[in-house]
Amino acid sequence: MYKLLVVDDEEIVINAVKFIISKNFDNVEVVDSARNGREAIEKASNHNPDIIFMDIRMPGINGIDAIKEIKERNNRVQFVILSAYEQFEFAKEAVNLGVKEYILKPINRYKLIDTLNSIISDLEEKEKKRKKELENIEKLQNILPILESGFIYSILMDKEFGKEVKRYQDLFDLGDDGGYMMIIEFGEGEKAMSLTNKIGSSVKSQKFYPSIRDMLKYRCKCLIGPTMINRIIVFVATKEHEDEYKQRLEAIQMAEDIVKKAKKSTDVEFFIGIGGYSKIEYLHNSYEEALKALRDNSGEHVVHIMDVKEVKDISLDKYNERCKKLLSSIELGNTDEALLILNKIFDSISKLVPINRKSKMIELIVLIYQMAYTMGIPSDIYIDYSSYLQEIINMEEEKIQRWAIKRTKHIIKMVKEYKKNKVSKLIMNAKDYIDKYFSNEITLEEVSKVISISPQYFSRLFKEETGYNFIEYLTNIRINKSKSLIKNSNKTIKEICYEVGYNDPNYFSRLFKKIVGISPTEYQKDI
């Protein structure tokens, strides 16, 4: 139901409008009427109408001034001017104010009905648009945490993240600046690395996670991951300060405020590790630093990486670069290179302080197994995805490197076999398809689509597996089939030409002679 206010100093006009509306509209209610501009302003404020019919010439505040005043308080209301001929210039000024329409007096019933129908149509359209916008906002609010989690997981995995950077920058309006990573850890205990009751604390986090999220969103521009057992991982987007020390203090102050407020709502302890500033594509480094800051914690609730002793005991950039090269070598099946890099990484890890060494080794092995799993390498007696983690957790530190080398060798062997079998099966399927449909006008693109790989990749694989390119292989199939038909049927050369997939007998004859050494006719005579 739309609310309408009628403003006119003539009772007969007010009654006429009421009568026409009552007879022609079920969805419009005349909520009140006013005789002058002052009354119109007051009653518009009381009733908050959707539509106002406004006379221009009234005692006291005129219609134009009343419209200006009402629009300042309610910009959504739709105005229709009631005007006499001699007041047309006033009506034009009103139209400039955004008035929908004007109706000349004496009021024409059909004009009023058409005008009101037009306004109602506009209001309905605006309402639909507003509802749609609210629905989109609601959907976006529901999906944003999922997208933020995806961003955080991409950083943790540090795999192919570079390709996703631009998409995330646009999606979250991050610009070209970077930021730093923050890890919030909670549980029972006095140090971050010795917290207990992690599962119980994770359950409790369902209550305090929303308030921590709200605090962070209020304090800074950030992307927040979900609760991961007893951790919340946060990316804080910010520009790089010229004064690193000032930026560090600001980050620490914010983290301390979060710890202080979070502890008021729960009985668990909170510890926060903060990494250094980094460009978005290298945020995994900042995450590693935040993790190291937590590990170095000796009781402080907030630790920044720049306050950690021996912060440069291993170069994160070099470590991450070597890890990427290791995974690339495993994927390519290059055993010698992979083992060389693996040993260099273990040498770097050996220089870490004792408390950090084993966790770094475990992290490295998880990366290797994760790659194997992603590639589809099946579990076996050596690659047991369900138990390997527990096995190395219980293993003595000095045995882990030898264990990792043996498993890496086996994984590379499996990768080679997997790739060989996968390629052979693809090419076998391609050959079967060509053998079956060689008489049709098949193309390389058609066959590559059948086996679901790109034409360029298929062309290379086919040549490597068969020794022929696609056209050579297809031609040989057709010529061999034509030789069989010449020997074992009474068909003419022209008929055979068409049957094996060629439309031009002359071209077929030239091709046959090029491959066999003699023409089809000569071949037929020699039989």
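Reply: Helices, as the term is used here, are DSSP runs of H or I with at least four residues, numbered from the N terminus. The model is a predicted one. With that convention, lysine 399 is placed in helix H14, which spans residues 397-437. Lysine 399 belongs to a positive surface patch, together with Arg402, Lys406 and Lys409. Lysine 399 counts as partly exposed because its relative accessibility is 41%.

The paired charges come next. Under the rule that a side-chain nitrogen of Lys or Arg lies within 4 Å of a carboxyl oxygen of Asp or Glu, the count comes to 18 salt bridges. One of them joins lysine 105 and glutamate 10, with an N to O distance of 3.5 Å. This pair links distant parts of the chain, its members being 95 residues apart. Lysine 105 sits in the loop between strand E5 (101-104) and helix H5 (109-157), whereas glutamate 10 sits in the loop between strand E1 (2-7) and helix H1 (11-24).

A salt bridge between arginine 130 and glutamate 127 has its closest N and O atoms 3.0 Å apart. Here both residues lie in helix H5, three residues apart, which is about one turn of the helix. Arginine 130 is partly exposed, with a relative accessible area of 40%. Glutamate 127 is likewise partly exposed, at 25%.

Lysine 263 and glutamate 269 provide a further example, their side chains meeting in a salt bridge at 3.5 Å, N to O. Lysine 263 counts as partly exposed because its relative accessibility is 33%. Glutamate 269 is also partly exposed, with a relative accessible area of 22%. Elsewhere, salt bridges that share partners join Asp8, Glu10, Asp55 and Lys105 into one network.

In summary, Lys399, Arg402, Lys406 and Lys409 form a positive surface patch, while the paired charges include a link between distant parts of the chain, from lysine 105 to glutamate 10, and a pair within helix H5, arginine 130 with glutamate 127.

Note on methods: Residues are numbered from 1 along each chain as its sequence is written. This is a predicted model: local features need pLDDT of at least 70, side-chain atom pairs count only at pLDDT 80 or more; totals for chains, interfaces and linings use all residues. Side-chain values use heavy atoms; hydrogens and water are left out. Patches are made of residues with over 30% relative accessible area and no salt bridge: like charges are joined within 9 Å, nonpolar side chains (Val, Leu, Ile, Met, Phe, Trp, Tyr) within 5 Å. Accessible areas come from the Shrake-Rupley method with a 1.4 Å probe; for residues, only the protein chains shown count as cover. Lys and Arg count as positive and Asp and Glu as negative; His and the chain ends are not counted. The place of a charge is taken as NZ of Lys, CZ of Arg, CG of Asp or CD of Glu. Helices (H or I, at least four residues) and strands (E, at least two) are DSSP runs, numbered from the N terminus. Buried means under 20% relative accessible area, exposed over 50%, partly exposed in between (1.4 Å probe, protein chains only).
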